[in-house]
Amino acid sequence: MALYISRIKARILDTNENNKTILCNVIGAFIVKGGALIVSLLTMPAYLRYFNNQQILGLWFTILSVLSWILTFDLGVGNGLRNHLVPAIVNKDEERIRKYISSAYLVIGAIVLISISLAAIFFRFIKWNIIFNISNNIVSQETLNLTVGIVFSGIMLQFLLKLITSVLYAMQKSALNNLLTLLSSIITLIYVLFAKTSSDISINLISLAIVHVLAVNIPLFLATVIVFTKELKGCQPRLKFFNTECAKDVMKLGGIFFWVQIMYMIITATNEFLITWLTSSKMVVEYQIYNKLFTLIGMIFTLALTPIWSVVTKALAEQNYVWIRKLYKRLKLLVFLAVMCELLMIPFLQLGINLWLGDNAIQVNYMYAVVFAVYGSIHIWNAVISSLANGFGELRTQNVFFTIGALIRVPISMIFVRLLHSWIGVIVANIAAMSLYCIIQPFWLNKFLNKKELGDESYVQK
């Protein structure tokens, strides 16, 4: 036994640097994200206790979903920074690190100031009750305006502070980003578990909005302070380090990422809004129950993918194409296993929901369960092929097919909801919108790797 353990240890220590990076980050991610998954599952029953009205809970989920779209409107600066920082860090080019970080922070800072100014002018004229399809008799216009304003302010602060996650990804410390998410989830869970709820819906909604803002931003702020006072001391954002060329580099690559983000957001982050708009906010709660369970496998799977993007960028800079191809083959095997897990969940779903939600458990519709198993499987496969494509910085296929998917998303959602007489039509439409990309992108990836291998004989073989 001791000999067997020694061999495993030797094998791990003998692996190449990229594998070590992935291994360390994946282990860290499983430890941290495993806790986050447990917290996420505990939060749903806690939410059901906090809001005893499912229509209000559905409204809360929808507010978070809709306003979180704003995080994609960073012009792709975060992703552009992430890809440009990797070579600068690998080459230990401190001057370029400073310039890229300062340029990215100042660009995002300008976007935040403009956005807050516009919101202060126009938000007062928006009829949020109409947008969220909820009567003034249930939630007053004043309460909804204040809640949206608080959440929006928090998201704009997050907009700026979230750049630290791109820096951590570039530093190959993706597990730390999972820790930040876990801390946010724990703060929210503690509040909804132990808060003394009021009979006044307005007080509960506004209080939760304030707690959400603090829960999301405090961990990001602390991470920013720690990173720029320790490992990147002297590289903190400063006006004197702003560089026009670096800003253009970040925004040029970021602009492509931005378009892809917007299209992907329209396809995947509009479920709550479309369900609320086409049916009722109450149905969002039922959607969330299925969604949390069937994305559980995907969330566990994507733990292994967290460091892939930046490590692939690094391997590409090193011309280590054989390692990338081996990685791709291993990921395809893991996808197959994950899809099997999605399907195996179905027979045990009712038991799981009964244990999870107790008296608030819903009756499982097995047609819905099959649809969500397919939905979860498609998003797992998308996560793999997109991580590789993003690492290569080659986004043309995503550009084209995410745009097509975004254009057909809303009309086919309306068609399927009417045909099926249910909100599940929104998820069927989501599957249809993602399918083309998931079929085409693998052909491009193989072509890309073949071209690199044939065109350059100097790549490293490990």
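A nonpolar surface patch of about 720 Å² is formed by Val400, Ile404, Leu407, Ile408, Leu436, Ile439, Ile440 and Phe443. Two elements, α19 (396–420) and α20 (424–455), each give two or more residues to this nonpolar patch. Patches of this kind are built from residues with over 30% relative accessible area and no salt bridge, where nonpolar side chains (Val, Leu, Ile, Met, Phe, Trp, Tyr) are joined within 5 Å and like charges within 9 Å. The accessible areas come from the Shrake-Rupley method with a 1.4 Å probe, and for residues only the protein chains shown count as cover. Helices such as these are DSSP runs (H or I, at least four residues; strands are E, at least two), numbered from the N terminus.

The model is predicted, so local features need pLDDT of at least 70 and side-chain atom pairs count only at pLDDT 80 or more, while totals for chains, interfaces and linings use all residues. Residues are numbered from 1 along each chain as its sequence is written, and side-chain values use heavy atoms, with hydrogens and water left out.

One member of the patch, Phe443, lies in helix α20. Phe443 counts as exposed because its relative accessibility is 60%, given that exposed means over 50% relative accessible area, buried under 20%, and partly exposed in between (1.4 Å probe, protein chains only).

**Aromatic rings**

A pair of aromatic rings is described by the distance of the centres and the angle of the planes. Here, rings of Phe, Tyr and Trp (its six-membered ring) pair if their centres lie within 6.5 Å, and planes under 30 degrees apart count as stacked, over 60 as edge-to-face and the rest as tilted. By this rule the count comes to 21 aromatic pairs. One of them joins Tyr50 and Phe51 in an edge-to-face arrangement, with 4.9 Å from centre to centre and 90° between the planes, and both of these residues are buried. Tyr50 also pairs with Tyr191, and this pair is tilted, at 5.7 Å centre to centre and 55° between the planes. Because Tyr50 lies in helix α2 (residues 17–50) and Tyr191 in helix α9 (residues 174–194), the pair ties together parts that are 141 residues apart in sequence. Tyr50 has a relative accessibility of 3% and therefore counts as buried, whereas Tyr191 is partly exposed at 22%.

Elsewhere, one aromatic cluster is formed by Tyr287, Tyr290, Phe294, Tyr368, Phe372, Tyr375 and Trp423. The ring of Tyr328 has the charged end of Lys332 over it, 4.4 Å from the ring centre; a charge sits over a ring if NZ of Lys or CZ of Arg is within 6 Å of the ring centre and within 35 degrees of the ring normal.

The structure holds 2 salt bridges, where a salt bridge is a side-chain nitrogen of Lys or Arg within 4 Å of a carboxyl oxygen of Asp or Glu.

| Salt bridge | Closest N and O atoms |
|---|---|
| Glu94 and Arg98 | 2.9 Å |
| Lys99 and Glu95 | 3.0 Å |

Glu94 and Arg98 both lie in helix α5 (residues 94–122), 4 residues apart, which is about one turn of the helix. Lys99 and Glu95 likewise lie in helix α5, 4 residues apart. An α-helix has 3.6 residues a turn, so residues three or four places apart point the same way. Glu94 is partly exposed at 41% relative accessibility, and Arg98 is partly exposed at 24%.

**A covered helix and positive phi angles**

How many residues of helix α8 are buried? Helix α8 (residues 163–170) is mostly covered, with 7 of its 8 residues buried, and the buried ones are Leu163, Ile164, Thr165, Ser166, Val167, Leu168 and Ala170. Just after α8, Gln172 takes a positive phi of about 65°.

Most residues other than glycine have a negative phi, and most peptide bonds are trans. Asn133 has a positive phi near 55° and lies in the loop between α6 (128–131) and α7 (141–161), where Asn133 is partly exposed at 34% relative accessible area. The phi of His421 is also positive, near 55°, and His421 is placed in the loop between α19 and α20. His421 is exposed, with a relative accessible area of 72%.
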